[in-house]
Amino acid sequence: MTLALGPHDPVDLSAFGRDPWWLILIKAVAIFAFLVLTVLAAILIERKVMARMQHRYGPNRLGPFGVLQSLADGIKLALKEGITPAGVDKPVYLLAPIIATIPAFMAFAVIPFGPQVSVFGTWTPLQLTDLPVAVLYILAITSIGVYGIVLAGWSSGSTYPLLGGLRSTAQVISYEVAMGLSFAAVFLYAGTMATSGIVARQEGTWYVFLLLPSFVVYVVSMVGETNRAPFDLPEAEGELVGGFHTEYSSLKFAMFMLAEYVNMTTVSALATTLFLGGWHAPWPLNLWEGANTGWWPVVWFVGKVWCFLFAFIWLRTTLPRLRYDQFMRFGWQLLIPTALAWVLVAGAVQAWALAGHSTTVLAPVVSLLFTLAVLAVLVARHRRQKAPEPGPDPETFSLPFDPMAGGFPVPPMPGQYLSEPARRALPREADAKEASHG
């Protein structure tokens with residue numbers, strides 16, 4: 001049984017809130033089991049795929065082909081002694097992993113896995129519940145999970161975790177703005193914020209074709225939102241040891257890892273729901289009459305989610321980590337203006353449709369042209385930045401900073417040049433300071 005909606009039909013949520021208590025319990029347990037098993041599989045597959053991409057074997061000792069490695073790691077972390085440093089704010093320190101983990105599971109309550117099916121003779125949607133503002137609920141719940149990271153960094157009583165928590169705060173604020181703007185175009189086209197309604201609106205054409213710029217912005221934002229490479233700045237081991245979870249061990253550390261992978265699954269499921277038709281079968285499988293009925297849609301939905309999870313793994317294996325200033329500049333100077341401009345364009349196209357004009361061809365063409373225009377601007381900007389700029393004469397340019405102020409040589413920033421006398425004096429100054437300290 002499927003739900004087909006026209007472009008202006010109201011969304012019917014009457015099927016939700018009527019399940020008996022035992023069916024609600026079954027759905028909740030099924031979602032929890034799905035997420036836990038997905039995390040175990042994702043960790044193993046990530047290590048296997050990364051190993052193959054880097055010409056290694058990966059886990060191959062525990063179980064056939066190493067399939068029990070994730071389970072063994074989880075048991076090991078659960079049984080290890082938990083060490084609590086003396087300088088932590090203990091109540092907040094212990095509460096932070098819980099705050100990070102619970103919202104990650106709660107966000108999946110409004111994700112639709114499929115249409116209505118019969119479960120022990122009771123017809124029910126393959127979705128725990130739905131709300132008129134379900135997408136905003138997901139955004140709010142995932143934002144609460146970030147408090148766990150921030151509080152973990154603050155309560156650890158250590159410098160590097162604190163810096164990781166501050167980075168996470170700025171990162172989430174920046175990229176949630178772009179993510180929210182990408183949602184706005186979907187709301188304009190779907191006419192609803194209920195996830196089941198958004199999926200029903202995509203029965204004919206997926207929004208990835210009509211709203212390609214929103215899809216690209218969301219995909220980039222979801223990588224930054226989940227602190228995954230190349231945007232894993234809050235836990236950058238090159239600068240912050242381990243970031244916000246440096247002082248955590250045993251089961252508490254495992255909860256942070258669990259929250260990260262569950263959040264990856266949640267944002268992947270949300271991308272599937274908003275842009276890839278949700279549980280609707282892809283072409284050419286949708287030509288089969290029974291592709292979108294019964295339990296088959298669960299297979300299509302899980303397959304799409306795993307495509308995004310593979311993309312997470314691929315990015316981590318191939319791309320280096322960005323500098324923090326590059327990361328923030330990318331969000332504020334590119335993603336947010338692009339998303340805002342696209343909302344205006346999408347609103348104009350939708351207004352044209354509401355006036356009674358056909359947008360069957362117009363919408364995908366405008367979406368593609370806008371994407372190509374943004375790519376052209378990016379290419380032109382990249383070429384302009386790579387063009388060599390004539391610098392000042394090193395012989396006449398005065399020293400703009402003291403390179404030995406911190407006790408060790410500091411290289412000049414872009415646009416700064418050392419004069420030749422200062423360049424010759426640097427080794428002598430270093431030798432003099434070393435002799436004075438000795």
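Which residue stands opposite Gly 114 in strand 2? I looked it up: Leu 126 does.

I noted the basis before going on. The model is predicted, with local features needing pLDDT of at least 70 and side-chain atom pairs counting only at pLDDT 80 or more, while totals for chains, interfaces and linings use all residues. Residues are numbered from 1 along each chain as its sequence is written, and side-chain values use heavy atoms, leaving out hydrogens and water.

Hairpin. I found strand 1 (residues 114-119) and strand 2 (residues 122-126) running antiparallel, joined by five bridges; strands pair if DSSP finds at least two bridges between them. Two residues lie between the strands, and Phe 120 takes a positive phi near 55°.

Whole chain. I listed 14 helices and two strands, taken as DSSP runs numbered from the N terminus (helices H or I, at least four residues; strands E, at least two). Of the 438 residues, 44% count as buried, meaning under 20% relative accessible area with a 1.4 Å probe, protein chains only.

Cores. I then looked at the nonpolar cores, sets of buried Ala, Val, Leu, Ile, Met, Phe, Trp, Tyr and Cys residues joined through side-chain atoms within 4.5 Å. The largest has 75 residues, and Phe 183, Tyr 207, Leu 211, Tyr 218 and Met 222 have the most contacts inside it. Helix 5 (residues 159-190) gives the most to this core, 10 residues. A second, separate core of 10 residues includes Ala 100, Ile 149, Phe 244 and Phe 256.

Met 222. Leaving aside neighbours within four places in sequence, I found Met 222 in contact (heavy atoms within 4.5 Å) with Met 179, Val 267, Ala 271, Phe 308 and Phe 312.

Methods. Buried means under 20% relative accessible area, exposed over 50%, partly exposed in between (1.4 Å probe, protein chains only).
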